[in-house]
Amino acid sequence: LSLSAPIPSATVSEYDQGTNGTRRANAAIIMLVRNSELGNALSSVKQLEERFNKRFGYPWVFLNEVPFTNEFKEKMSAAISGPVSFGLIPKEHWYQPDWIDEEKAAAGRAEMVANDVVYGGSVSYRNMCRFNSGFFYRHPLVQQYKWYWRVEPGVSFFCDTDYDPFLYMEENDKVYGFTISLYEWPQTVATLWDAVKEFVNENPHYLDPDNALAFLSDDDGGSYNMCHFWSNFEIANMELWRGEAYSKFFEHLESKGGFYYERWGDAPVHSIGAALFARKDQIHFFDDIGYQHPPFRHCPHLPSVRKAKNCSCSSVGNFDYNRDSCLNLWRQVEMS
Ligand code: GDP
Ligand code: MN
């Protein structure tokens with residue numbers, strides 16, 4: 001396995017000047033997307049521009065493993081007032097590596113299809129999960145940035161974000177921000193926790209002393225409780241992923257082949273990385289950002305916040321109160 005060395009954070013400039021001359025974080029809004037998803041991508045982009053970015057002018061970066069069509073680039077550029085770039089993902093960051101035993105991978109997929117696991121038979125979904133887990137932050141168009149907001153096609157933003165969440169995180173020493181947390185399908189990560197334990201046993205010094213292991217495990221690390229932050233929304237510091245701990249961690253997971261033999265998601269992988277290698281108070285729940293990725297939505301808890309931020313959502317259908325949400329556990333861990 002040869003993975004490129006972690007990128008030193010010193011090469012990343014701290015601040016930038018915003019469109020209105022105010023201080024701005026070194027950040028980009030990033031969307032991995034297929035040409036066929038143009039309509040839903042435009043919908044997400046228009047909402048985030050209207051609710052947030054028209055006031056800040058952060059650059060958008062679109063990534064794809066095949067070239068974007070002219071139609072995609074033209075329509076997207078027309079919807080965004082600030083800088084936009086379109087990047088092609090290097091093949092070795094996307095496709096199933098040659099050393100993966102395809103027979104074993106195919107057997108794993110067949111078993112998941114038989115068990116009705118979502119995307120159980122999909123290789124492209126696995127490519128996507130592995131890319132988001134270990135490669136997006138190394139893309140040439142992304143390397144220059146420190147912070148990112150991950151956006152997917154077909155999501156909704158229900159409230160105004162009138163402050164700069166990147167600067168909020170920077171100033172409050174946060175590294176990972178989420179809106180929704182939930183349980184993973186156990187079959188997709190059958191041996192992931194074994195790999196995690198192996199890594200941590202061999203590298204105990206990477207664990208932050210004030211980590212959020214209790215969010216991941218109900219038995220002090222013995223087993224994974226399947227809780228994770230839903231990574232289709234993320235506002236985070238890429239130094240977390242580029243740093244030594246997560247870089248070595250990803251390399252360890254990659255060596256197990258679980259992105260293909262099972263269907264390890266970038267959501268549990270990022271969540272485990274953030275919860276183990278950062279302090280728990282560096283993880284931030286963005287309660288004030290109303291957000292939906294079908295079928296789940298988060299809406300700010302307090303009516304006063306919903307009013308102040310002009311939210312077009314209510315407490316109805318808020319996943320936070322669902323029994324399948326891990327938010328209550330997060331609240332306990334955060335408080336403990
Ligand atoms: P889900 O949210 O887990 O149902 O998965 P999605 O289909 O939404 O995929 C997650 C993200 O990866 C979205 O931003 C998709 O646009 C993107 N994505 C998924 N598969 C591919 C692919 O094969 N190629 C590209 N370029 N993007 C993909
Ligand atoms: Mn999605």
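Let me begin with a definition: two strands pair if DSSP finds at least two bridges between them. Helices (H or I, at least four residues) and strands (E, at least two) are DSSP runs, numbered from the N terminus. With that in hand, Trp60 stands opposite Val84 in strand E5.

Hi everyone, and a quick word on what you are looking at. This is a predicted model, where local features need pLDDT of at least 70, side-chain atom pairs count only at pLDDT 80 or more, and totals for chains, interfaces and linings use all residues. Residues are numbered from 1 along each chain as its sequence is written, while chains are lettered from A and ligands numbered from 1 in the order in which they are written.

Back to Trp60 and its surroundings. Strand E4, residues 60–64, runs parallel to E5, residues 84–88, and five bridges join them. Right-handed here means that, with the strands pointing away from the viewer, the path from the first strand over the helix to the second runs clockwise.

Now please find strand E3, residues 27–32. Is E3 enclosed or open? Six of its six residues are buried, so E3 is largely enclosed by the rest of the structure. We call a residue buried if 20 or more other C-beta atoms lie within 10 Å of its own, exposed if 12 or fewer, and partly exposed in between, with C-beta atoms placed from the backbone. Ala27, Ile29 and Met31 point one way from E3, Ala28, Ile30 and Leu32 point the other way, and all are buried.

Which strands does E3 pair with? One is E4: the pairing is parallel, over four bridges, and Ile29 has Trp60 as its bridge partner there. To get from E3 to E4 the chain passes through helix H1, residues 38–51, in a right-handed β-α-β crossover. Another is strand E6, residues 147–150, again parallel over four bridges.

Not counting residues up to four places away in sequence, Ile30 touches Val61, Leu63, Phe136, Val142, Tyr148 and Arg150. Contact means that the C-beta atoms of the two residues, placed from the backbone, lie within 7 Å.

On to strand E11, residues 234–237. Glu234 and Ala236 point one way from E11, Ile235 and Asn237 the other way, and all are buried. E11 pairs with E6 in the antiparallel sense over four bridges, with Trp147 facing Asn237 as its bridge partner. E11 also pairs with strand E8, residues 176–178, antiparallel over two bridges; here Tyr176 is partnered by Ala236.

There is also an open sheet of three strands, in the order E7-E13-E14, with antiparallel pairing. Its edge strands are E7 (156–157) and E14 (296–298), each pairing on one side only. E7 meets E13, residues 291–293, over two bridges, and Phe157 has Tyr291 as its bridge partner.

Two phenylalanines next. Phe131, in helix H5 (residues 123–134), is buried, with 21 other C-beta atoms within 10 Å. Leaving out residues up to four places away in sequence, Phe131 touches Ile89, His93, Trp94 and Phe136. Phe72 sits in H2, and it counts as buried with 21 C-beta neighbours inside 10 Å. Beyond its neighbours within four places in sequence, Phe72 is in contact with Asn35 and Leu38.

Last stop: which residues surround ligand 1? They are Leu32, Val33, Arg34, Glu37, Asn64, Glu65, Ser124, Met128, Glu152, Pro153 and Asn232. A residue is near a molecule or strand if its C-beta atom, placed from the backbone, lies within 6 Å of it. By class, this shell has four nonpolar, three polar and four charged residues. For those labels, Ala, Val, Leu, Ile, Met, Phe, Trp, Tyr, Cys and Pro count as nonpolar, Asp, Glu, Lys and Arg as charged, and the others, Gly among them, as polar.
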